[in-house]
Amino acid sequence: MPEELANAAKVVGVKQVRRALAAGRVKRLYLARDADPHLTQPLEEQAREQGIEAVWFGSMKELGRDCGIAVGAAVAAAI
C-alpha cells in the first residue's frame, strides 16, 4: 500500500479529505492508528457508507512520511 500512496494523486489532512469525500473523489482512505479518534472516526464512517476501503497505518509519522510530507498526518486519501 505505501507504494500506491506515494504514486497516487492524493490529498492529505482532515479538511482536504473531508472535502474530497463530500465530492465523491476518494478511491481509498488512509488513517493513522495514533490519530485522535474524534478526527478519524467520522471520516472512516463516511468512507464506509460510500463503499470506500479504509487502510490503517501504524502512526501519523509513518503516514506523513509515506505521503511525502515532513510532518505526521492523521488521514490521507487517494483520489
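This is a predicted model: local features need pLDDT of at least 70, side-chain atom pairs count only at pLDDT 80 or more; totals for chains, interfaces and linings use all residues.
**First stop: strand β2**

Select residues 28-32, which make up strand β2, and look for Arg 28 in that stretch. Is Arg 28 buried or exposed? Arg 28 has a relative accessible area of 18%, so it counts as buried, the cut-off being under 20%.

Now show the Arg 28 side chain together with that of Glu 53. A polar contact of 2.8 Å joins the two. The pair also counts as a salt bridge, with 2.8 Å from N to O. What does this pair link? It ties together distant parts of the chain: Glu 53 sits in strand β3 (residues 53-57) and Arg 28 in strand β2, 25 residues apart.

**Second stop: helix α3**

How many salt bridges are there to find? The count comes to three, so keep going, because a side-chain nitrogen of Lys or Arg has to be within 4 Å of a carboxyl oxygen of Asp or Glu to qualify.

Select residues 37-49 for helix α3, then pick out Glu 44 and Arg 48, which both belong to it. They are four residues apart, about one turn of the helix. Their side chains meet in a salt bridge of 3.6 Å, N to O. Arg 48 counts as exposed, at 53% relative accessibility.

Next, select Asp 66 and Arg 65. Their side chains form a salt bridge too, at 3.6 Å from N to O. Asp 66 is buried, with a relative accessible area of 15%, whereas Arg 65 is exposed at 55%.

**Last stop: helix α4**

Stay around here and select residues 60-66, the run that forms helix α4. Glu 62 is one of the residues in this helix. How accessible is Glu 62? Its relative accessible area is 28%, so Glu 62 is partly exposed, falling between the 20% and 50% cut-offs.

Notes: Residues are numbered from 1 along each chain as its sequence is written. Side-chain values use heavy atoms; hydrogens and water are left out. Helices (H or I, at least four residues) and strands (E, at least two) are DSSP runs, numbered from the N terminus. Buried means under 20% relative accessible area, exposed over 50%, partly exposed in between (1.4 Å probe, protein chains only). A polar contact is a pair of N or O atoms within 3.5 Å; within protein, one must be able to donate a hydrogen and the other to accept it, and residues adjacent in sequence count only if both atoms are side-chain atoms.
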